[in-house]
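Please look over the notes below alongside the sequence and the coordinates. They are meant to be read point by point.

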Amino acid sequence: MTSRLTSQRSDKNCLKRDLSMNCSTFPSLVLALVLLRFCSPTTQNFSAQNTDQSYTTIQRVKRDWIWEPLFVTEEETSTMPMYVGQLKSDLDKEDGSLQYILSGEGADSIFFINEHGKIYVRQKLDREKKSFYILRAQVIDRKTHLPIEPDSEFIIKVRDINDHEPQFLDGPYVATVPEMSPEGTSVTQVTATDGDDPSYGNNARLLYSLIQGQPYFSVEPKTGVIRMASQMDRETKDQYLVVIQAKDMVGQAGAFSTTATVTINLSDVNDNPPKFQQRLYYLNVSEEAPVGTTVGRLLAEDSDIGENAAMNYFIEGDSSDVFGIITDRETQEGVILLKKRVDYESKRKHSVRVKAVNRYIDDRFLKEGPFEDITIVQVSVVDADEPPVFTLESYVMEIAEGAVSGSLVGIASARDLDNDDSPVRYSIVQGMHLKRLFSINEHNGTIITTEPLDREKTSWHNITVTATETRNPEKISEANVYIQVLDVNDHAPEFPKYYETFVCENAVPGQLIQSISAVDKDDSAESHQFYFSLAQEATNNSRFTVKDNQDNTAGIFTAVSGFSRQEQFYFFLPILILDNGSPPLTSTNTLTVTVCDCDTEVNTLYCRYGAFLYSIGLSTEALVAVLACLLILLVFFSAIIGIRQQRKKTLFPEKVEEFRENIVRYDDEGGGEEDTEAFDISALRTRTVLRTHKPRKKITTEIHSLYRQSLQVGPDSAIFRQFISEKLEEANTDPSAPPYDSLQTYAFEGTGSLAGSLSSLGSNMSDADQNYDYLVGWGPHFKQLAGMYASQRSTRD
């Protein structure tokens, strides 16, 4: 019988106490050479087997057996089956009465136990697939099949061997590190894996080493971190291939190894300044080149790349006024541009100082020196055949208005600055109206007038003068000439408008009746000043006076009282106006004063009305009489029109519009051309007017006779006129006729034709009696008609 005791600790004292006990009293299942016992402070029921196989229970300290794992080396194929270990019970007398049973993972298939309790493995094992197996062992009696001891669990571990090579799973590796990085800078880390057991031996312990890459790089043996071993310059070499080896078993003999390639690229830093390849450059530019022309390009080379090679160009010194420089962002070239026109005759060479400076500077390398360079550009001006040059860009000239034709206005002068000094021809290129006013001497540029000028029409004239080389007519230059027409006092002052002036019959002396002013078309150098007075011929017997206000205005006052319209209706005052021009001019303006039928205050509307009557020769009483007559005539004509409208009575006053607004629809069909009573027009009559229906006369027979007679008579025949008269009488008396005038149309076919009438009304024979054979001879147009009648006749026959 077996006792199982569980313990959480193990010490030598407990082990000694346990060993001091009589082991024969407590049988247990043992594993040869690998079984240990441990002591536990807990208690449990202990079972023991006596000689007659009866069981008794005693109280004792609990103990349990702890199995150490069994081991099987993986990939072992030397001897199969291979012995693993042995299980043996203390009750086993080796007489074959006990049987060992193995259960759990791989029992019987991988592991088996013989009758002596020895455990064997049937096949080779792979730790990487399964690293341990959990099994249970039990001892039973062969006869009774009863357990001699409880089953016990144990583990068989698969012992690892070094059968896997290390592997770099993430290779190949690519890393980037800035150039000129200090020694010890971390570049990247490589990691290898090993499928062996890392907890057993050194099979999975890896060691890293550098196969290729010295002396620039190093690798940490345990971590695989690659570091810089020295400073490197990208401009010398920008890429390195480093080979790293990973070896297991800490590099001992028989270890597996693998390698990985690491591509290390050096990224650029700005550690190089720009550099011009020449200290002196030569460029040319034509003096004809316009502003903005590209003079040339310069390139300061920089060993760096990308932004570290980006640079800006500058022009230093006085040349910056004539030349400018910009940077081409794509090529990093400096483009020299022309900021101002150059002139070969004034300066033939320009020395330009150009500086190139890195756009982005790394402060770590400032100690290496300034990141800039300077060069000199010699720009030569190339001579060109230029057009003539005017002495001024524009000219301003003056001439007095009214100057006689041929008067000198001014001179526009130009000359050819080239070496050959070609003669110049002048002309005016503006419109014909300016050419009629001015002309220019084609040899010396003298401008004269061709007719007098009037400042009041146009005070400024703008003309364009061209200068053309005689030897090369394509070389033309222009200049604007502004001509101001100076004012001359040639216009006398005058009233600015017509003054409507009234004076009352009862006006008192000294009463203001009008304020006047003046205007002058001339342009005075100073402000205009006008002086007002009565003309000399009106000062003696005038009934009015003029008072000058000294502010370019004047007042008209009455000198006497008692004005009479019957005696004099209008007064004409000659007003003398003098200006302050040089020479001064005067003008006489007539002011018309109208006498108005008022007390002292003028009512403008009333006075205008009185003046109008006076102008047409009517008094107020006569005008009232005329208006009264017109009113009477208007009333008379209105009365006549009203009476005529009352006399016009409609036939149906209560339903005037009903006939025009009602529509009667008929859906029945007539009986043909002989049916003259199918349509009853009486339905159109209003419901409110019902008159006795007078039946229409049957006129069929009459139409027959009259139709035959119409074949022999014309429209002037008495028979035809009688027929028309009867139809007119019938229409007038017909109650069913429309209640308004209507046009009645009657057909008159004339005196007959050779073909005769096709109407059945004029025929005494029926269709059956007719012979239609002649239709065949009428041609193809009547072929179908002839066939129809021919078929009818054949049917009747």
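The numbered points go from the whole chain to the disulfides, then to single residues and sheets.

1. The model is predicted. Its chain contains eight helices and 42 strands. Of the 797 residues, 35% are buried.

2. Contact range. Among contacts in the chain with a separation of 6 or more, 67% are between residues 24 or more positions apart.

3. Disulfide count and pairing. The structure has two disulfides. When the bonded cysteines are numbered in sequence order, the pairing reads 1-3, 2-4.

4. C504 and C598. The sulfur atoms of C504 and C598 are 1.9 Å apart and form a disulfide. The torsion about the S-S bond is -105 degrees, and the link is left-handed. C504 belongs to strand 36 (residues 501-504), whereas C598 sits in the loop between strand 42 (586-596) and helix 3 (604-616); the two cysteines are 94 residues apart, and the pair links distant parts of the chain. Are these cysteines buried or exposed? C504 has a relative accessibility of 1% and therefore counts as buried. C598 is also buried, because its relative accessible area of 11% is under the 20% cut-off.

5. C596 and C607. C596 is in strand 42 and C607 in helix 3, which means that the link ties together parts eleven residues apart in sequence. C596 is buried at a relative accessible area of 3%, and C607 is buried with a value of 3%.

6. C629. How accessible is C629? Its relative accessibility is 48%, so C629 counts as partly exposed; the class lies between the limits of 20% and 50%.

7. T501. This residue is in strand 36, the strand that also holds C504. T501 is buried, with 2% relative accessible area. Its side chain makes a polar contact of 3.0 Å with the side chain of Q514. Which residues does T501 touch, beyond its neighbours within four places in sequence? They are I513, Q514, L591, T592, V593 and T594. For reference, strand 42 spans residues 586-596.

8. Y614. Y614 is located in helix 3, the helix that also contains C607. At 43% relative accessibility, Y614 is partly exposed. With residues up to four places away in sequence left out, Y614 touches F569 and Y570. Y614 and F569 are separated by 45 residues in sequence and by 8.5 Å between their C-alpha atoms.

9. Strands 5 and 8. Six of the eight residues in strand 5 (residues 82-89) are buried, which leaves the strand mostly covered. Strand 5 pairs with strand 8 (residues 118-121) in the antiparallel sense, over four bridges. One of the residues involved is Q86, whose bridge partner in strand 8 is K118.

10. Three strands form an open sheet in the order 29-33-32, with antiparallel pairing. Which strands stand at the edges? Strand 29 (408-411) and strand 32 (438-440) do; each has a single partner strand, so one side of each lacks a neighbour in the sheet. From one strand to the next, the twist averages 20 degrees. Strand 29 and strand 33 (residues 446-449) run antiparallel and are joined by three bridges. Within this pairing, G410 stands opposite I447 of strand 33.

Terms used
Residues numbered from 1 in each chain as written. Predicted model: local features only at pLDDT ≥ 70, side-chain atom pairs only at ≥ 80, totals over all residues. Heavy atoms only, no water. Buried < 20%, exposed > 50% of the residue type's maximum accessible area, 1.4 Å probe, protein only. Contact = heavy atoms within 4.5 Å. Disulfide = S-S within 2.5 Å. Polar contact = N/O pair within 3.5 Å; in protein donor to acceptor, adjacent residues only side chain to side chain. Pairing = 2+ DSSP bridges. Axes fitted to C-alpha atoms, helices over the stretch in contact; angles between N-to-C directions.
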